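Trainee: Could we go through this model together, a piece at a time?
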Amino acid sequence: MMTTRSIHRSSIETARLRLRPTSAADTKRASEIQSDWAVTRMLNNASYPPNENNIKDWFSSHQREWAEGSAYRFAIEQGERMIGVVDVDGIVGSAGSLGYWLEREAWGKGYAFEAAQALIGFVFNDAGLSSLESGHASDNTASGRVLTKLGFRQVGSRELFSRARCETIVQCFYVLERQMP
Ligand SMILES: CC(C)(COP(=O)(O)OP(=O)(O)OC[C@H]1O[C@@H](n2cnc3c(N)ncnc32)[C@H](O)[C@@H]1OP(=O)(O)O)[C@@H](O)C(=O)NCCC(=O)NCCS
C-alpha cells in the first residue's frame with residue numbers, strides 16, 4: 001500500500017543561506033528576477049517578459065503541491081533578500097526533478113550549489129526520494145558545473161521546446177541516485 005508522508009513545511013538553514021518554503025507573497029520578487037533575460041532564457045517553462053498573474057498562480061499552488069508530495073519549492077534568502085528559487089518538482093514515487101534560478105547579482109558565489117545541496121539532503125533524507133533528474137540548456141555551462149559538483153552524471157541530451165526562447169533547444173540531461181549508507 002502507498003503511504004503519503006507528512007513533512008513539516010519549515011525552512012532549511014545553510015552556512016550562508018536560508019531556504020524558506022515559497023508563498024504567493026514571493027510573486028513580486030520572482031517577477032523582478034525573471035525580468036532579466038539572462039535568467040529567464042535558461043528556464044524551460046518561464047515566459048518572457050514575465051507574466052505576474054501566472055507567476056502568482058504558480059506560487060499559490062505550492063502549498064498544495066507540498067501537501068500532496070508532488071513538489072518541494074523554496075525561496076533562497078540571503079539575509080533579508082530573496083535571491084532565487086530552488087525546487088524539486090514532478091515527484092512521482094521516489095523520483096523528482098531538481099531546478100534552481102538566481103538573480104544575476106548573486107551568481108558566481110557558490111549559492112546555487114549550496115542551496116541545491118541542502119535541498120538534495122532534504123529530499124533524500126526527509127522526503128523519501130531516492131533519485132533526481134535535472135537538465136540544462138546546452139549553452140548553460142554554469143548550470144552544468146553546478147550539477148556535476150552536486151554529483152549528478154550526464155546521461156544524454158534531448159530536444160526540448162523553450163517557452164522563453166520560443167524555439168527548440170538541446171537540453172543536457174542528468175541523474176543523481178541517493179547513496180545508501
Ligand atoms: C546557473 C546558476 C543557477 C548558477 O548559479 P551560481 O550560484 O552562480 O553557481 P555556483 O556559484 O554554485 O557555481 C557556478 C560554477 O559554474 C562556473 N561557471 C560560472 N559561469 C561559467 C561559465 N560561463 N562557463 C563555465 N563555468 C562557469 C563557476 O566557476 C562555478 O564553478 P566552480 O565552483 O568550479 O568555480 C545561475 O547562473 C542562474 O541562476 N542562471 C540563470 C537561471 C539558470 O540557468 N537556472 C538553471 C537552469 S538549468
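Mentor: Helices (H or I, at least four residues) and strands (E, at least two) are DSSP runs, numbered from the N terminus. Bear in mind that this is a predicted model, in which local features need pLDDT of at least 70, side-chain atom pairs count only at pLDDT 80 or more, and totals for chains, interfaces and linings use all residues. Residues are numbered from 1 along each chain as its sequence is written.

Trainee: Which residue in β5 is the bridge partner of V88?
Mentor: Strands of a sheet pair through backbone hydrogen bonds, either parallel or antiparallel. In β5, the bridge partner of V88 is L98.

Trainee: Which strands stand at the edges of the sheet?
Mentor: Two strands pair if DSSP finds at least two bridges between them. The open sheet of eight strands has mixed pairing and the order β1-β2-β3-β4-β5-β6-β8-β7. Two of them have a single partner strand each, so one side of each is left without a neighbour in the sheet: β1 (12–13) and β7 (153–162).

Trainee: Which residues of α1 are buried?
Mentor: A residue is buried if 20 or more other C-beta atoms lie within 10 Å of its own, exposed if 12 or fewer, and partly exposed in between, with C-beta atoms placed from the backbone. In α1 (residues 27–34), the buried ones are T27, A30, I33 and Q34. Seen down the axis of α1, the directions from the axis to their C-beta atoms fall within an arc of 130°, so these residues line one face of the helix. To name them again, they are T27, A30, I33 and Q34.

Trainee: Is R9 buried or exposed?
Mentor: R9 is found in the segment before β1. Leaving aside neighbours within four places in sequence, R9 is in contact (C-beta atoms, placed from the backbone, within 7 Å) with P21 and W66. Because R9 has 12 other C-beta atoms within 10 Å, R9 is exposed.

Terms used:
Contact = placed C-beta atoms within 7 Å.
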